[in-house]
Amino acid sequence: MLKKNIVLIGMMAAGKTTIGYKLAKALKYDFFDIDSEIEKSENEKIVNIFQDKGEEYFRKIEEKVCIDLLKVEDCIISFGGGSITNSKIRQMIKKNSFSIYL
């Protein structure tokens with residue numbers, strides 16, 4: 001199987017979103033930011049999700065959003081710092097994506 005996506009991983013403020021947008025434009029790929037996608041799916045800011053529902057709930061939503069996006073082809077995905085600690089997410093990245101740590 002050919003790897004179809006590029007995943008950007010790194011700490012907060014490392015430039016994942018900035019580089020992701022530019023790279024996606026150059027490659028004519030779609031760009032997704034995991035944090036933004038989680039906020040859209042929950043219709044709530046991440047800080048509020050953590051405060052109101054807790055980290056365990058957030059990590060379940062994060063896993064679903066990440067795995068769903070990793071099934072999309074030809075895209076750049078910016079991952080939050082904690083998402084890479086999930087083994088299911090790491091397996092999906094390894095299966096169909098190139099990963100770059102910033």
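## The largest pocket

The largest pocket holds about 250 Å³ of space, where a volume is the space filled by probe spheres set on grid points that are joined across faces, edges and corners. A pocket here is an open set of points on a 1 Å grid over the protein atoms alone, where a 1.4 Å probe fits and protein lies on both sides within 12 Å along at least five of seven lines, and lining residues have an atom within 4 Å of a point. The model is a predicted one, in which local features need pLDDT of at least 70 and side-chain atom pairs count only at pLDDT 80 or more, while totals for chains, interfaces and linings use all residues. Residues are numbered from 1 along each chain as its sequence is written, and side-chain values use heavy atoms, with hydrogens and water left out.

Among the residues that line this pocket are Met11, Lys16, Asp35, Phe58, Arg59 and Gly81. Helix α3 (residues 46-70) contributes the most to the lining, with five residues; helices (H or I, at least four residues) and strands (E, at least two) are DSSP runs, numbered from the N terminus.

## A bent helix

Although α3 has 25 residues, its end C-alpha atoms are only 20 Å apart, short of the 36 Å that a straight helix would reach at 1.5 Å a residue, the expected span being 1.5 Å times one less than the number of residues. The helix bends by about 120° at Lys53, the bend being the angle between axes fitted to the seven residues ending there and the seven starting there. Its buried residues (under 20% relative accessible area with a 1.4 Å probe and protein chains only, against over 50% for exposed and partly exposed in between) include Ile46, Phe58 and Glu62.

## Strand β3 and its partners

Strand β3 (residues 75-78) points Cys75 and Ile77 one way and Ile76 and Ser78 the other, and all are buried. Strand β1 (residues 5-9) runs parallel to β3 and is joined to it by three bridges, with Val7 having Ile77 as its bridge partner; strands pair if DSSP finds at least two bridges between them. Strand β2 (residues 30-33) also pairs with β3 in the parallel sense, over four bridges, and Phe31 stands opposite Ile76.

## Loop residues

Ala13, in the loop between β1 and α1 (16-27), has a positive phi of about 70° although it is not a glycine. Asn43, in the loop between α2 and α3, likewise has a positive phi, near 55°.
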